[in-house]
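Trainee: I want to learn to read helix packing and strand pairing in a model. Where do we start?

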Amino acid sequence: MTWGAQYMCYVCEKCGKKYRYAIDLIGDYGADFGKCPVCGSEGKLTCEGPVSVETQQYEDVE
Amino acid sequence: MADLKALKNKCIITVAPTGAWPKKENNPNVPMTPEEIAEDVYECWKAGAAVAHLHMRDENGNGIMDPVRFKKTVELIKAHKDCDIVLNLTTSGDIHADDEIRVAHVKELKPEMASYDCGSMNWLNSGLFINSPKFLEDCGLLFQELGVKPEIEAFDPGMIANAAYYIKKGVLKTPVHFQFCMGCANGITGTMKNLVFMKEEAEKLVGAQNFTWSCFGVGHSAMEMLYGAVALGGHIRVGMEDNVLFAKGQLAESNAQFVRRAVEAVKLYGREVATPDEARQLLNLPPYNVQ
């Protein structure tokens with residue numbers, strides 16, 4: 001039994017951007033994981049989960 | 001005795017079409033009913049899959065260990081008389097199922113293979129995926145009694161060590177077959193370094209001549225693990241159990257789409273796709289018995 005990619009979804013409280021990080025990329029981003037890709041602020045975690053209608057509203061951070 | 005040397009260049013493609021988690025809302029093309037799963041498996045077999053790893057769903061799309069649904073799905077697949085795909089039934093399709101119901105369908109249907117999750121772990125950061133020592137011992141011995149080959153799913157290196165323990169104890173018999181599950185939440189991340197490490201751990205703990213292995217990666221590691229397995233001489237698993245996206249921002253159209261891409265990758269590398277009968281030889285399974 002497995003499960004697909006999981007995401008942590010954020011809203012930047014400074015610029016309002018909605019974005020998500022794939023949990024399997026924690027190692028790639030390290031301390032930057034969760035930061036806003038636009039302004040670099042710490043984002044507020046709003047939801048987490050797999051590919052879904054809800055998490056698809058957030059832009060992937062690559 | 002199979003001529004394994006002649007089969008050295010063959011790569012087994014397993015398809016895991018459904019799994020326990022994705023629903024139509026995640027990807028409308030995930031097969032859910034016995035009819036949908038059976039037709040999907042048939043299409044994947046035609047595309048080049050040699051093994052099908054099956055899960056069942058209830059009417060709401062939730063994972064369920066229902067022997068009736070397993071039986072119906074297997075019968076529908078076998079109704080395609082030309083389809084000789086190896087069937088591998090999950091024993092872990094519902095984290096709330098008790099130990100008895102997890103193997104009820106295995107006892108009844110005696111599939112060629114069934115999954116064997118070789119340790120416990122947190123599930124989606126929200127629940128427990130329990131595979132107790134008693135369950136693993138009972139399950140391993142049951143599989144031996146029934147002639148069912150365990151597919152040992154290892155989500156981290158500790159599960160390989162656990163398999164080595166059960167081999168020493170006689171619960172598992174070599175040659176064993178590992179499925180390295182890479183990039184799952186709470187498991188080992190899907191990187192080439194980690195895949196090489198998993199393979200080498202298995203070689204050290206079990207002995208290179210005593211196992212075969214396959215792998216897959218979820219999410220971003222899907223392609224890296226696919227190419228990694230092909231390059232390292234392993235076998236591969238694809239399908240919507242592990243990934244509902246075919247590429248970034250692109251939902252998979254079908255499981256056969258994943259299989260066709262895997263076939264292409266295997267051929268481009270210079271290996272050959274194993275037929276179900278060749279997979280049986282590689283996995284040390286008896287010849288196919290048409291029933």
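Mentor: Start with two helices. In this predicted model, α2(B) and α3(B) are oblique to each other, because their axes cross at roughly 40 degrees. Angles under 35 degrees count as roughly parallel, over 145 as roughly antiparallel, 65 to 115 as roughly perpendicular, and the rest as oblique.

Trainee: How is such a packed pair described?

Mentor: Packed helices are described by the angle between their axes and the distance between the axes. Here the axes of α2(B) and helix α3 (residues 99-109) of chain B come within 9 Å. Axes are lines fitted to C-alpha atoms, for helices over the stretch in contact; angles run from 0 to 180 degrees between N-to-C directions. The crossing of α2(B) past α3(B) is right-handed (near helix turned clockwise from the far one by less than a right angle; anticlockwise is left-handed).

Trainee: Which residues of α2(B) and α3(B) meet?

Mentor: Pro67(B), Phe70(B), Lys71(B) and Val74(B) come from α2(B). Ala104(B), His105(B), Glu108(B) and Leu109(B) come from α3(B). Contact requires C-beta atoms, placed from the backbone, within 7 Å. The contact residues are five nonpolar, one polar and two charged (nonpolar: Ala, Val, Leu, Ile, Met, Phe, Trp, Tyr, Cys, Pro; charged: Asp, Glu, Lys, Arg; polar: the others, Gly among them).

Trainee: At what angle do α1(B) and α2(B) cross?

Mentor: Roughly 40 degrees, between helix α1 (residues 34-47) of chain B and helix α2 (residues 67-78) of chain B. So α1(B) is oblique to α2(B). Their axes come within 8 Å. The crossing is right-handed. Seven nonpolar, one polar and three charged residues form this contact. Among them are Ile37(B) and Val41(B) in α1(B), and Leu76(B) and Ile77(B) in α2(B).

Trainee: Now strands. How many does the closed barrel have?

Mentor: Strands of a sheet pair through backbone hydrogen bonds, either parallel or antiparallel. This barrel has eight, in the order β2-β3-β4-β5-β8-β9-β10-β11 (chain B), with parallel pairing. The twist averages 30 degrees from one strand to the next. Strand β4 (residues 86-89) and strand β5 (residues 113-117) of chain B pair over two bridges. Pairing needs at least two DSSP bridges. Asn88(B) has Met113(B) in β5(B) as its bridge partner. Helices (H or I, at least four residues) and strands (E, at least two) are DSSP runs, numbered from the N terminus.

Trainee: What is the mean pLDDT of chain B?

Mentor: It is 96, with 99% of residues at 70 or more (pLDDT is the predictor's per-residue confidence, from 0 to 100). Residues are numbered from 1 along each chain as its sequence is written, and chains are lettered from A and ligands numbered from 1 in the order in which they are written. In this predicted model, local features need pLDDT of at least 70, side-chain atom pairs count only at 80 or more, and totals for chains, interfaces and linings use all residues.

Definitions and conventions. Two residues are in contact if their C-beta atoms, placed from the backbone, lie within 7 Å.
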